[in-house]
Amino acid sequence: MGTEDRTYHSLLARHEAMRLRQQLLSPGNDPRTGRPPAAETYDTAADRQIIMRDLDLVAPLDELITDLYRALFTRHPSLRSLFPATMAFQQEHLARAFWYLIEHLDHPEEITATFTRLGRDHRKLGVRPAQYAAFRDALCEALRVRAGEYWSPELEQAWTRMLQLGITAMVRGAESALHEPPCWRATVTGHRMCGPDLAVLRLLPHETFRYRAGQYTSLESARLPHTWRPYYLADGPGPDGEIEVHVRCTGPGGVSEMLVHRTAPGDEVRLGPPKGDLTLGAEPPESLRLVAWDTGWAAMKALLQELEGQVRRSPAHRARQVRLFLGADSLSGLHDTEYLAGLEQRHSWLTVVPAAGGAPGEGAYDQLVLAVTRSTPLTEGRTLVAGPPDMVRTVTAGLVHAGHSADRIVHDPLPIGPPVLPRFTEGHGPAGTFMPPGRQVPA
């Protein structure tokens, strides 16, 4: 038995002992989990109030997380191999997860849905259920370190109950995905540069990889183990099984640099499970706006391919009018333009509207927002948005500000952060009402 397996079984035995101890101390608890038998017995709103009240005792979160990982790796050194060499992104990711839990603790059903998906995705990292108990113990130690003399059982229990809510959902999500691989190995069959820092990759998974047009996957380069980044799939599922991703290099030393500058045909990558809700569905013909920035175009390319198939199969779909708004820092930064031009020439139902980044004094996405909000009546149809989180927030806020119904704007979940209105809207709310500069509207 290897070191990692021995460590895991040791953790498993310790987790079982803790569960039995909890059962003995609290006879009313569920004998399988050691936790209260029904979710409604957990007063999430009360715990959120405790956590928020005493947040300054353990803040800043980045230092709490540093102490957490220090405790985790000190107690269980073998777990370090599950994480990337550089922990900065991992710590930022955990900070966002903690903020999400805190902000949504009075809506536990949302936490359950989000962390169920997260648990399915974390299978690719090799995380096992007993290792979550080690993580929880490390959090308790970090809370004691940060709070010092102000530590209290009430504070620790509020944090651990909140964490357990997410962990329980993650374990269920992982268990529900046992019918599929934790990840898929794939061979790079094509690598085409579309500029100095952007590449289009063709990948052939070694096993069947099922997904829907508009979804995304996480990629890991063999040259950078345990480090994953999300990328949209740029075409619908095809008979040959190949998939396409568009990758822009965003800086040195990361996954994007490995994929753009250090990857060639014949190399191997790994794919996480497909995710995302940016799909067309089976709604009747209507006007449709597709809004993308830079490599967000990949998602729209897949959706347009699906639309082409719908038009071929059903004459009713020919009544649909589709406008594609495609933005980049500069018009010369747009890629796949030949494909786009051919697509627009073949289909009268498609209009392509390019938009460059903002001029000096403007926000980066202001011109894109202006183009979208001046299009067909915003009371009609749906709008699908793909791109960097700040772009999605800005476009969404601008659309809602202009009168578009928020429930008809579709985008994938975003990291926690406020939607910010484009600068040209400051001082004017919907329907001409006054809005103080800098005020934000809900997305």
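Predicted model: local features only at pLDDT ≥ 70, side-chain atom pairs only at ≥ 80, totals over all residues.
Helices H4 and H7 pack against each other. H4 spans residues 61-75, and H7 spans residues 129-147. Their axes come within 8 Å and cross at roughly 125°. H4 is therefore oblique to H7. The crossing is right-handed.

From H4 come Glu63, Leu64, Asp67, Leu68, Tyr69, Ala71, Leu72 and Arg75. Among their partners in H7 are Ala134, Phe135, Ala138, Leu139, Ala142, Leu143 and Val145. Asp137, Glu141 and Arg146 of H7 also take part. Across the contact of H4 with H7, twelve residues are nonpolar and six are charged. No polar residue is found in this contact.

Six strands form an open sheet. Their order is E4-E3-E6-E1-E2-E5, and the pairing is antiparallel. Strands E4 (229-232) and E5 (243-248) stand at the edges. Each has a single partner strand, so one side of each is left without a neighbour in the sheet. From one strand to the next, the twist averages 45°.

Leu219 stands opposite Arg229 in E4.

H10, residues 297-313, lies across E4 and E5. The helix runs at about 155° to E5.

Note on methods. Residues numbered from 1 in each chain as written. Heavy atoms only, no water. Axes fitted to C-alpha atoms, helices over the stretch in contact; angles between N-to-C directions. Helix = DSSP H or I, 4+ residues; strand = E, 2+ residues; numbered from the N terminus. Parallel < 35°, antiparallel > 145°, perpendicular 65-115°, else oblique. Left-handed = near helix turned anticlockwise from the far one by under 90°. Contact = heavy atoms within 4.5 Å. Nonpolar A, V, L, I, M, F, W, Y, C, P; charged D, E, K, R; others polar. Pairing = 2+ DSSP bridges.
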